[in-house]
Amino acid sequence: MSSEVVCIGSAIVDVLVRVDDAFIADAGLEKGTMRLVEADEAKRLYAALSDAVEQSGGGSANTAAIVAKLGGGVTFIGRVADDALGASFTHDIRSVGVTFNPPSATELPSTAHCTILISPDGERTMNTYLGACSDLGPADLDADAIAAASVLYTEGFLWDAPACREASLAAIEIAKASGTQVALALNDQYCVDRHRAEFLDVLDGSVDIVFGNESEVCAVFETDDLEDAGRRLGQLCPLVATTRSEKGSVLYVKGERIAVPGVPVDKVVDTTGAGDAYAGGFLYGITHGYDPAAAAALGSACASETIQHIGARPAADLTKLL
């Protein structure tokens, strides 16, 4: 059976641990951001932590898992090493119903992992070692799966590794030639800052759906005016979905602004994967006949479910949200 959604991205194992704000400050980190680290620093940071929880993660992989848990057909394309973390990632993503057939990777660096420091307010500070996932290249793509899908979903973080960037661009070319819609997640304000010119180039005509939070959307045009940034982004892409935490999301659908309320929760435990979950719910919706506002409402419901526990992969039965 062909997948309705194909997600391409970084195959990462999340290492989640609760810390206080002082730990983040003492480590010289900026709260709420994502940064790339080398293997030695990743090991030092990991060694300084205790009571960590390991879960399979990675933005596009999290989104794929949400689509699958809602009952959608989804394929994930990514790279893992032939090691314990790679085996864990493969088992976890397959166990929720995602099709994942990684290429042989016996000589790659170790499987990527992200140390996620969770503050008392639920904010997360991410430190990512890319490892094997940075070797994802155009040769690893499943062109038939992309061509047969309704939507190709790719992530901005792929632009941080040259081979991954080329894989994402090649996947977009396959999708456009096949009539498959292209969705792009901006992922992080600083990711946008690093690759603004390249993102603007691909957003103008090659992307059908773009996902980003307030800071990411504003960063595209280097402005603090969200409404202006949203409108300008809407001139480049037919559908813009801007997430606004508890305020829900704002869509620009062929220039029309649509505000969609969020789903309130009693307590925010961990915001890891909230944007990924929103995208998963949204993509399930638009591939199953929902209009954009209804798809956004489902995305908000998935995000709200996700932030009520540790980690980006909710254990709840998401089909109840339908």
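This is a predicted model: local features need pLDDT of at least 70, side-chain atom pairs count only at pLDDT 80 or more; totals for chains, interfaces and linings use all residues.
Let's start with the charged side chains. Searching the whole structure turns up 14 salt bridges. Side chains of opposite charge can pair when their charged atoms come close.

One of these bridges joins Asp-21 to Lys-31, with 3.4 Å between the closest N and O atoms. Asp-21 belongs to helix H1 (residues 21–26), while Lys-31 sits in the loop between H1 and strand S3 (34–36), so the bridge ties together parts ten residues apart in sequence. Lys-31 also meets the side chain of Asp-121 in a salt bridge, at 2.9 Å from N to O. Here the link spans distant parts of the chain, 90 residues apart, with Asp-121 in the loop between strand S6 (112–118) and strand S7 (124–129). Together, Asp-21, Lys-31 and Asp-121 form a network of salt bridges.

How accessible are these residues? Asp-21 is partly exposed at 40% relative accessibility, Lys-31 is partly exposed at 34%, and Asp-121 is partly exposed at 45%.

## A bridge from helix to strand

Glu-227 and Arg-257 form another salt bridge, their closest N and O atoms lying 2.8 Å apart. Because Glu-227 is in helix H10 (residues 226–236) and Arg-257 in strand S13 (residues 256–260), the pair ties together parts 30 residues apart in sequence. Glu-227 is partly exposed, at 25% relative accessible area, and so is Arg-257, at 41%.

## A buried glycine

Now for Gly-285, which is part of helix H11 (residues 274–286). Gly-285 is buried, with 0% relative accessible area. Beyond its neighbours within four places in sequence, Gly-285 contacts Tyr-290, Ala-295 and Leu-298. Its C-alpha atom is 9.1 Å from that of Ala-297, twelve residues away along the chain.

Conventions: Residues are numbered from 1 along each chain as its sequence is written. Side-chain values use heavy atoms; hydrogens and water are left out. Helices (H or I, at least four residues) and strands (E, at least two) are DSSP runs, numbered from the N terminus. Buried means under 20% relative accessible area, exposed over 50%, partly exposed in between (1.4 Å probe, protein chains only). Contact means heavy atoms within 4.5 Å. A salt bridge is a side-chain nitrogen of Lys or Arg within 4 Å of a carboxyl oxygen of Asp or Glu.
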